[in-house]
Each structure stands twice: as C-alpha cells, then as structure tokens.
Amino acid sequence: MRYAAQRLVQFVLVFVVVTFIVMVATRIGSDDPARDLAGGLVSDAQIEQVKQDYPYLDKPLVVQYGYWLKDFVTGEWGKSYAASETVVDMFQQRMPSTAFIAFWAVVLGLLIAVPIGVYAAYRRDRAFDRVSGFSSFGVISMPPLVIAVLLLYLVVVRYGVFPTVGRSRYVAPWDNPIEHFKNFFIPALTLGLGLGAVWSRLLRADMILTLQSDAVMMARAKGISPQRVLWVHALRASILSLMTSVALQMSALLGGAVVAEQFFGPKGLGERLLIALQQNDLLIIQAITAIITVFVVFANFLVDLLYAVVDPRIRLARTLG
Amino acid sequence: MAETLPSITGTTAAIAPVGVAEPTRRRRLPSLGVGFGVLWLATLVILTVFAGNLPFVRLPTQAVNGASNYALGPSSDFWFGSDRLGRDVFARCVYGARISLIIAVSSIVVGLLVGTALGMICGYFRGWIDRFISVFVDALLAFPAIIFAALLVGRAKALRQSEIEVLGFGFGWFNNTWAISAVFSLLAIAPITRIVRAQTLSLSQREYVLAARSLGARTPRVLLREILPNVVPALVSVMFTGVAILLAAEAGLAFLGYSVEPPKASWGLMVTENREFIEEAWWATLFPCVMLFLTVLSFNLIGDRVARRFDVREAAL
Amino acid sequence: MAGTGKAHLSDDGDVLLRVEDLVVEFPVGRTGLVVNAVSGISLDVRTGETLGLVGESGCGKSTTGRAIMQLPRPTSGSVTFEGRQLTTMSTSDMREARTRMQMIFQDPISSLNPRRKVRDIVMEPLNIWKRGTAPERGDVVDRTLEEVGIDPMRAAESQPHQFSGGQCQRISIARSLVLDPSLIICDEPVSALDVSVQAQVLNLLEDLKARHGLTLMFIAHDLAVVKNISDRVAVMYLGKLCEVAPSDELYRIPAHPYTNVLLASIPVPDPSAQPAAVVEVIGEPPSPVLPPAGCRFHPRCSNAQDRCRQEEPQLRSIGPGHFVACHFPVHDGTEAVAVRAPVSSN
C-alpha cells in the first residue's frame, strides 16, 4: 500500500495548494479581512466580534492558513456573519441540489455514451458511426451555456412540463420522484449531453482498439457470440478509461454545475458560492472551494487506486517499491 | 517509476506523441469541416477588424429610435433584430466577437509561451523542479476553472477600487477585459505545461537528443533545436482547441456575472442579458449563441484536423 | 562469472580509452532501490583496434557505452580517453574532450530528429562548435555524406523519414564523422536493420575505419555480427565482464560457461549439424535490482558449485590476451577443449 500512501500524500499536497491559492486570491485588493469575514456592510461592533473570534487575522497569510486548515480538519467550519448561517447548515441545505445535478449528469452522460459509443465502434464507418461522430463533435463544440439556451428554447418554453429559467427548486427523490425529475432533468441534461458526447467518442476509440486486440480475436475464435464479446469482454476492458475520464471531468462537471444551477436552478452550492464571491464572504468561499477540491481530488485518488489494482504494470511497480 | 504512473488527473491527459493512427475514417469530412472553419473564422476576423469601417455594422452601444424593447425581429435592416435597449444585435455580435476573440487568443498565446517553457523544464530536468511545478499544475487542474476565474475577476474589481499601488502605479486601468485575459492565461498554462511536459519526457529519451548531447550541444540548444520543433505540432492543435475552450469559458463566466463591463458586449454577456425574454425575442439570445457555437466549432474542427495531420492524440485539455 | 579485476588491462602506451571500475546505478522510482546496470567494469581499447562488447539484452552493454560518453555520468569509476580523465573533468571541458569520441545508436529512425533536414542534422556538430566558415562547413558535410553513400543534394531537401533504415544509419555515421573523432562507439548499429543491409553498413564502417584511422567500440547482442568486425571481444553478463579474448580465440575456445551458451545459440546454417548437447542455460536473467551473490551467473550455470554462490570470481589470464572471470572455466587455456560451440570450426 506504499503506492496508495504516495498518491495520498500527493493529493493532500494538491488540496493544500488549492485552498492556499484560494485564500490568497480572496485577499487580493482587500485591506480589511475582518470586514470581509463579517460580510461587508456591518457595524463596527460586529467587526470587533469577528476580530475576537478570529484573533489571527492580522498575522501573515501562511499563519492564517494554518489556523484555517486546523479548523477545517477538526470540523470547526464556523459561520457566515453576513448571512448568519453556519457553514454546516449551509452545506446541509445546499449540497443535495448540486450533488443531484452532478450525479444525474453523470448518469445521463453514461446512458447516452455507452450505447452510442459501443454501437459506433461495432458498426465502424457505417452510417450510424458517421452520424453519431458528427453530432458528438457538434455537441462538444457547444459550451454549456449554449446547450442551456437551446434546452430552454426548444424544450422548456415549448412544453410546460419543466420549470422555466431559475424556477427549478430542490425536491428530494424520495419525497416526490416526479417533481424531482421535473426539477432536475433539464439542468442535469445540460451537463449530461456534453459528457455523453465526450464519453461516446472516447468509448468508441477505445472499443475499436479493444475489438482489434488479440484477446477479442481469441474470444471470437473460442465461439463466444459477437454480442457477448462486444458487451461483456470489450466493454469491460474499456470501463477503466471511462472511469478515468469521469474523474478527469469531475472539476469541469462541478464548474458546469454552477452554470446550470444559476441558469435553471435548483439553487445549490454554486449559487451560494456566487453570492459569497460577491460579498467576499471568506469563510463560505473557503469552505465551498475546499469541499469541491476534496471531491475532485478524492475521485482522482479512487481512479488511481483502481488503476493500481487493475493494471499489472502499476501493481508490479508497487511490489518493487 | 514516477513517470510511468498516472499523474493526478490521469494518464490520458497526456498526449501520446505517436498515437494510434486514426485510420481513414471520415477522410472527406474533415477537409470539408476545415474549409468551413477557415471560412467562418476569416469572415469573423474581417468583420471584427473592420467593424468600424463597414457601413452595415452599427455602433454596438447606440440605441436606435423605435427599436427598443425587442421591437424588431430579424429583418433586412436589422439582420439579427434589436435588443431590449434598441441596440442592433448584429452589431453587438460583431463587437462581442472582437472582445471574446481578443481575450481567448491573447490568453492562449501567453499560456503557450509560459506553459511550453515550464513544460519543457519539467520534462527535461525532472527532479525537484518538476515536482514543484507539477504540484501547482495539478492544483490548477483539480479545481473548477470557472469558479477560480470568477473569484479572481471579482477580486480584480476590488483591486481596481482599492488604493493599492505597485511600483507607484495603481490598478485603475485593470478592467475586466484585462482581468479575464490574465486569469485565462493562468488557467491555460496548467494544461499546456502538462502536455508539453509529457511530450518532453518522451522526446528526451529519443536517441537524437542523446546524439545532440554527445556532439556537445548545450542544454538550451538541445531544448530549442531538438525538442521544441517536435513539440510544436501538438501545440498548434492545442492552440486551436484551447481557443475554443476559452471562448466557451468566457461565455460561462459572463453568464455568472463576471464579464466585460456593460455597455461593452461579449457573446456570453448578450445571452445573459436577454435569456429571460427568450419567449418574446428569441433572436437576441439565439444569435449570439449561434455565433459562439460556430466559432467554437470552427476552432475545434481546425484543431482536430491539425491533431490528425500530425498524429497527435489528446484525451483531455 | 561476473568478474571484476583488471588483470586484462594492457600497459601499452597506445591505449586510446581506458575504463576502470565503471559503475552505473539507476534509482527505481523513489523507492530507494537501485538498478545495478553496470557493476564495476574495466576495459581498454587500443588505438586502431575494434573492441566488441557483447551480452544479452539488459546486461548493461549500452549503458556502458553511454557511461563512457558520460551520458549520464557514471556513478563511480574512471574513464580515461586520449590520456585525459573524463570522469573528473568539468562539464564544459568534458564537452570539448568528448568531440573526439562519437556514438552511433541502434534505432536509425529515433537517432535522427524527424523535423530537421538531413543535411542540417549532419552539419549540426560543426554549427555547435562553430568550426570554419559556412561554405567550409558545407564542403565538409557534402564530402562526408558522399563518403557514406548519401546524395548531398537529396539530403539538403529531405527529412529522415524519407530515407530507409540503412540510409538513416549512414546519415548517423556521417554525423559522427564530421567532427573528425578518433573513437566511435557503435551501439548495436545494425541490429535494427535487415540482414541484407547489415553487411553493407558493416563494410562501410570497416572502410571508414581504415580511411580515417578510427578506433571502434562495437556493442551488439549478436555474436555473429561482432565476430567478423572485432579484433577483441568482451562478453558481459548482468553488469559484469565474463571473458575478454581475441576474437578468433573467443570463438574457437570459449572458456566461460556463459560465452559457451552464447556461442551455442548462434544458428548454424547446416541442417545436418548436431546440436551441442552439453550446453544449456537455466531460466531467465535475474533482476539487476537484486543481483545474485557471488558469481552473478551461478543461478543459470550448469557448472555452478558452492564456491560460485559465495565468492565472486576475478578476471584472470588463461592465455595470451585471453582472460576469464570464472572459478571453473570450461578450459583453462592449456588443455584440449572439452566442450565447445558448434561454430568452433572458424
């Protein structure tokens, strides 16, 4: 597990660097962090209160960062003075929306990508392959904002099923699955279309290589049916690169979720982060960015471990180490 | 061993210098696509450069009498219609293109210069300097770029309003156009550094690099004469796809409220300004979207063609 | 085998290159382990001779060649070339001294920069050292290209991929010649080429050697190739030397069990020849990360005894110019040869 430990150290390092950069960035052009922390337009008494709560604010940035990191790791996440809500409350309220958008986006992306990618690879250079290749290239060239506008214009406005601009709200699937679907389908599709396009191309290219490999030839030669070879043997070999791409897309996905949330709702972490950015609400910015970074870094860590388990070369290197 | 393992965002981020040649698929289509891309970009560049001199491009900020409140749809006079304030959507699209393109192209140029230098240093010298730079690259790639950009552009506003001076100069000139370009340059550096690093790592193992060193070439000569020319094809392709990505990012950023200051126009800002009225006036939202899409598509088509031409494969930027 | 020792080094004044106790180690990732690529090799090359260096893949022969060029600098040991110590020189002095020593690589495609014109590639050494004026450089390059059989006109406008593998190797040779070196280290220069082309390139090397008074160090895994071109041959196994002998003698009466195995593995173009029954080798070469104790060949050697597992053999003389690092050689130079390879008729 020495390999896992090495990767972990590297990921922790990345987390520290990201959160430190964010802290430095929040202080650009700010001469009074206590006022920022208090949330801008507040009374002197409140600022005094902040200074009491955070006595280290006049120390060098590195020291401040040390305090912040300690608080973050020990779960002392503090509260937003401006919005008078604790960070923990804020997460409980906001996290589910963002998580559901991202989750459904990945699910939709895979639902789009797997059949298209596999079938295009199987029927390579036929009509289906060309049409899907052409359209996926087009979709990749659409920024999330353009997809959002198209969905708005072509679906939401025409058919009254889905809530319009900014009107989606959070409904838990276990409370009301239908309402949940109505509120989350469009924002998730905004991101899922792009992911599906990227992944279908990735899967197609990967599957074509796999289908040409000796292992697949062997499976065919042994008399396993083409369908089974395609869906079981070949697809399984390509799952790993797909997983890698899911992890790779994680930061882009969360960035896209911010746009989708802002466009359609439901209001989640991204919307809260934007408000915090406008007020330079330091604690909220730090907390949300830290959580996002943890997610991205953790996803990549998992994929790395998965690689190490599956890929014999890395396993070998690990044994040697 | 460290080099053979997937780095933090995975092995596929790297370009395999000798990729698996994509065989004859869609042989005709790329050339058609590239033709379209070049034509579209040329038109766009001519329009934006000569916008002030062309009689059919109105001023982007000037309201036209009687055209307010989306009064005019697309017509022979107002090609793309008018927006809520009675401004010509076509003119705003053209001037928006100017700002969007300047931001994207200048950022990618800075990103290429710095990223190539850093990537070659990392890949050639390896060791501690590689690890040091790579941690920052990994950090930049691990965090959603659009949020980072929003944060920094937001702070640029605070910086502008503050009294802070560097070398006796204030930051009054540092408007959002500058800020976005600066942030995008920074964001472009990370993936380019990673790509160039991977290429340099593999190229520096080639025997012609060893040959050059055995002939007595100094390190700068090896880097500039032997390695750089072999990195360039990948960089050309990265340049085009990179511009496409930055154009999309600019639109997203504008939507989040961190665009150029009104009444200046950028495509993303136009979408943001008009999307709530898409039912009454689709033209004010859809035309900028179409412009954005066609431009991103053109850059992607050309980048894809270049990548195929030089047999460069990239999985992610 | 796997011997250290310097008994085989000559005292003559005409030694062009002397390598003593050369050690090259590479770290394995950040694990703290090292690959013992070369573990204490001593060699000398006399002016005007061709020294063959053979061994199977991964035995460290290419690493030895590169360490002699100081690319990268060896972990320890000394390299003396034309009377000057390369290993202790400053980097800039070494760059200068190294121009008298050149290298030709195995892969003809990879050893030429694919994005430059062939003539520029050959001119590059002169540009690096700013030798002569531009027209003079051009003359030298054109003359050298013609000498190796490449049309200078074509070289001026073509890139390496427009030439065949054999032609690329000729271009590499031309590049190594323009600085007028005294020693050329050929690192498997023909093993990537078709057999029919191999002979042409080997003949070219012989010609050039005679014409320019070159000394060659010829690294290969194929004994058949080395045999014809070399005056002396050194056999390597897992980072150590096994046997050093004049070419004829090594092929006629190999003393080291490993040399025997290598010779026996050369296919004989005679369908009626009987395979040499006695010669056998067990298993794969061990990992250079954890080399065996004692003689490094003992786990695969059919003659291995307890002493081989504990004590590392030193190179010792068993005949004029014939040295072997083995406790129990196949013969010790005096008696008749009991076991020999089928090519012994040469």
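Predicted model: local features only at pLDDT ≥ 70, side-chain atom pairs only at ≥ 80, totals over all residues.

1. In helix α12 of chain A, which spans residues 269-279, the buried residues are Leu269(A), Gly270(A), Arg272(A), Leu273(A), Ala276(A) and Leu277(A). Viewed along the axis of α12(A), these buried residues fall within an arc of 160°, and they therefore line one face of the helix. After α12(A) comes Asn280(A), which has a positive phi, near 50°.

2. Between chains A and B, the contact involves 58 residues of chain A and 55 residues of chain B. On the side of chain A that touches chain B, the residues divide by class into 38 nonpolar, 16 polar and four charged.

3. As for chain B itself, its secondary structure consists of nine helices and zero strands, so that from the N terminus on the elements read α-α-α-α-α-α-α-α-α. Chain B has 317 residues, of which 56% count as buried. Among the contacts in chain B with a separation of 6 or more, 74% are accounted for by residues 24 or more positions apart.

4. In chain C, Gln200(C) belongs to helix α7, which covers residues 195-212. Is Gln200(C) buried, exposed or partly exposed? Gln200(C) has 16 other C-beta atoms within 10 Å, and is therefore partly exposed, given that a buried residue needs 20 or more and an exposed one has 12 or fewer. Gln200(C) and Gly77(C) are 123 residues apart along the chain, and their C-alpha atoms are separated by 36 Å.

Methods. Residues numbered from 1 in each chain as written. Chains lettered and ligands numbered in written order. Helix = DSSP H or I, 4+ residues; strand = E, 2+ residues; numbered from the N terminus. Contact = placed C-beta atoms within 7 Å. Nonpolar A, V, L, I, M, F, W, Y, C, P; charged D, E, K, R; others polar. Arc of directions from axis to C-beta.
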